[in-house]
Amino acid sequence: MANKKLTLQIDFRSGLPIYTQIVNQVQAQVVSGKLQHDDQLPTVRALAEELRINFNTVARAYRILDEAR
């Protein structure tokens, strides 16, 4: 498993919840081939710190992504 740099753009003014933005962008990067299904994503705390959001938001997004597999 490679630990690739996940590139996300969060729009705090969007009506779309942040966790949904994360899910949508990760799924789009998988579809485009930038990320593979077995690539390791950053830890919940690391991504939350990088995006300056609550770690529970990232945890929720990761949970949704895991359930979608």
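Q: How many helices and strands are in the protein chain?

A: The model is predicted. The protein chain has three helices and zero strands, and along the sequence the pattern reads α-α-α.

Q: What does the radius of gyration say about the protein chain?

A: The value is set beside what the globule rule gives for the chain length. Here the radius of gyration is 11 Å, close to the 11 Å from the globule rule for 69 residues, so the protein chain is as compact as a globular protein of that length. Along the principal axes, the C-alpha atoms fill a box of roughly 30 × 20 × 20 Å.

Q: What share of contacts joins residues 24 or more positions apart?

A: Among contacts with a separation of 6 or more, such pairs account for 51%.

Q: What percentage of the residues is buried, and which residues of the largest nonpolar core touch the most other members?

A: Nonpolar side chains in soluble globular proteins tend to be buried together. In this chain of 69 residues, 29% are buried. The largest nonpolar core holds 15 residues, and those touching the most other members are L8, I22, V26, L47, L51 and V58. Helices α1, α2 (44-51) and α3 each give at least two residues to this core. The largest share, four residues, is from α3.

Q: Which residues does L47 contact beyond its neighbours in sequence?

A: With neighbours within four places left aside, L47 is in contact with L6, L8, P42, V58 and Y62. Two of these partners, L8 and V58, are also listed among the core residues that touch the most other members.

Q: Is Q29 buried or exposed?

A: Burial is read from relative accessible area, with under 20% as the cut-off. Q29 has 9%, so this residue is buried. Q29 is part of helix α1. Not counting residues up to four places away in sequence, Q29 touches L6, T7, L8, K34 and L35.

Q: How much space lies in the largest pocket, and which residues are closest to its centre?

A: A probe the size of a water molecule, rolled over the atoms, shows where empty space is left. In this model the largest pocket has about 500 Å³ of space. It is lined by 17 residues, of which H37, L41, L65, D66 and R69 are the closest to the centre. The elements that supply two or more lining residues are α1 (18-32) and α3 (55-68).

Q: What is the make-up of that lining by class?

A: The lining of the largest pocket has nine nonpolar residues, four polar and four charged.

Definitions and conventions:
Residues are numbered from 1 along each chain as its sequence is written. This is a predicted model: local features need pLDDT of at least 70, side-chain atom pairs count only at pLDDT 80 or more; totals for chains, interfaces and linings use all residues. Side-chain values use heavy atoms; hydrogens and water are left out. On a 1 Å grid over the protein atoms alone, a cavity is a set of points where a 1.4 Å probe fits but cannot get out, and a pocket is an open set with protein on both sides within 12 Å along at least five of seven lines; lining residues have an atom within 4 Å of a point. Grid points are joined across faces, edges and corners, and a volume is the space filled by probe spheres set on the points. Ala, Val, Leu, Ile, Met, Phe, Trp, Tyr, Cys and Pro count as nonpolar, Asp, Glu, Lys and Arg as charged, and the others, Gly among them, as polar. Buried means under 20% relative accessible area, exposed over 50%, partly exposed in between (1.4 Å probe, protein chains only). Contact means heavy atoms within 4.5 Å. A nonpolar core is a set of buried Ala, Val, Leu, Ile, Met, Phe, Trp, Tyr and Cys residues joined through side-chain atoms within 4.5 Å. The radius of gyration is taken over C-alpha atoms; the globule rule is 2.2 Å times the number of residues to the power 0.38.
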